[in-house]
Structure formats: C-alpha cells, structure tokens
Amino acid sequence: MSTLTTLDLEKHFSFLRNADQEIKKQLLEHAQIKEIPAGASICWEGDTCTQLALVLSGAVRVYKVGESGREITLYRIEKNESCILTASCILSQTRFPAFAVTESPVRAVLIPASILREWVKRYEVWRDYVFELMSKRLATVIATVEEVAFRRVDARIAEFVANLAEEKQEVKITHQEIAFELGTAREVVSRILKDFERENLIALSRGSIVIQNKPALLEKARLL
C-alpha cells in the first residue's frame, strides 16, 4: 500500500489519529488500495464478505430488491466511510443481505476479513470504530423504514424532488431512479410528478426535472 502514508490514513479516517503506531503500521502492511469504475456491482445479495472497504473517494449505493423487482436505497457509502453490512457480515461470518454498486469511480482501502476480525478482538480503536459505524447506519436504515412505512409517497417524493437542487435548476434524474431511491413503482412516481407539474411546482422533460417552486414543494411534503 505504498501510495498511502500514515498521514493519509489519519486524514481520511479520524479514528486512527490517536491510535498506536503499531496499529497504523499493521494497516499499511495488510490493506491494499483498489480503484473501481462507476456502475460496477461490488456485492450481490448472498455473497460472502471477504474484505472491508474504507472509501477514500467516490460513492457506493447499498440497496435491497423486492420480489416484485422494486429497489430501495438503504444508504450510501461515501468519502471517509465504510459499509456496516459488510462489517457485520465479516464479524458474524454471514452472507451479505443486500446489493452494492458504485455510483461514481471509487478508490478504497481494502482490509481482509480475517485481519479485521483479529483487529476487532485485539484493538479497542477498531472495536469502537465498528460499533460507531453500526450506530450511525442503524439510525439511517431505521429512518428509511419509517419513511416507507409511515409517510405517504407523494410527501416523500415532494421532499426528495425539492432537495434535488435550487429553484429553477435542472436536475438530470429519471422517474425510475427516483422510484429506486424511495422504494416505490415508477408508475407511481410518474403520476405524482405529473400532478406536481400541473401545479407549476416542477417542469418535466425526458430524463430531467426543473424545480420551479421549491418552497411550495417543501410545504407539500410537510402537509401531506
């Protein structure tokens, strides 16, 4: 892992800043850097997790697919983050329960599963890191479940669209991509977006949306 130094690791992963030099040395010895292109499937449901990735740059989408073929985004792994599902699978030696795909070119530090298990047993700094990771991601996933279970789809779409961009700004996104994000059907998204367009909240064109009245969209999200 000659292209990264101890200072690089401390910059990207703050939990290592106060770690013993031996811990940093072992990470430099055992981990490797990998670059993955955008659009690459890096984990399939049922896969064995052989390594944990610490993301240096780029973004990975972690999602579930239902029997109907619908997708829902669980969370994203971005710069200076890692995947709680992968860590959980490594520590419990179970299979990966979702899918993961790169949304942009990703550069990551990879730690072998057996090494991670050893470090979590031996070093408090690694135990704390994994537990903190679990805590943060669990909160994200619970929030997603609450959204799907307790909020109306039109409110969720209004909020999602409103947060895509500033007013009058065009955003390149398809109805199917919105459906994947929110765990609903493309037809439902299209119908609701058409309603928003008739109310002059947005303007639709093929593969894009122009936000015309962001405050009204946010108000609709709160009221529905």
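## Strand pairing

Two strands count as paired here if DSSP finds at least two bridges between them. Strands (E, at least two residues) and helices (H or I, at least four) are DSSP runs, numbered from the N terminus. This is a predicted model, in which local features need pLDDT of at least 70 and side-chain atom pairs pLDDT 80 or more, while totals for chains, interfaces and linings use all residues. Residues are numbered from 1 along each chain as its sequence is written, and side-chain values use heavy atoms, without hydrogens or water.

Let's start with the sheet itself. Four strands make up an open sheet, and walking across it you meet S2, S6, S4 and S5 in that order. The pairing is antiparallel. At the edges sit strand S2 (41–43) and strand S5 (71–77), each of which pairs on one side only.

## S4 and its two neighbours

Strand S4 covers residues 60–65 and pairs with S5 in the antiparallel sense through six bridges. On its other pairing, S4 meets strand S6 (residues 99–102), again antiparallel, over four bridges.

Cys43 takes part in no disulfide: the nearest cysteine sulfur belongs to Cys49 and lies 4.9 Å away. For Cys49, the closest cysteine sulfur is that of Cys89, at 4.0 Å, and this is too far for a bond.

Are Cys43 and Cys49 buried or exposed? Cys43 has 13% relative accessibility and so counts as buried (under 20% relative accessible area, with exposed over 50% and partly exposed in between; 1.4 Å probe, protein chains only). Cys49 is buried as well, with a relative accessible area of 8%.

## Two asparagines with positive phi

Asn80 is not a glycine, yet has a positive phi of about 70°. You will find Asn80 in the loop that runs between S5 and helix H3 (84–92). With a relative accessible area of 31%, Asn80 is partly exposed.

The other asparagine is Asn200, where phi is near 60°, also a positive value in a residue other than glycine. Asn200 belongs to the loop between helix H8 (186–198) and strand S9 (202–205). Its relative accessibility is 55%, so Asn200 counts as exposed.

Conventions: Disulfide = S-S within 2.5 Å.
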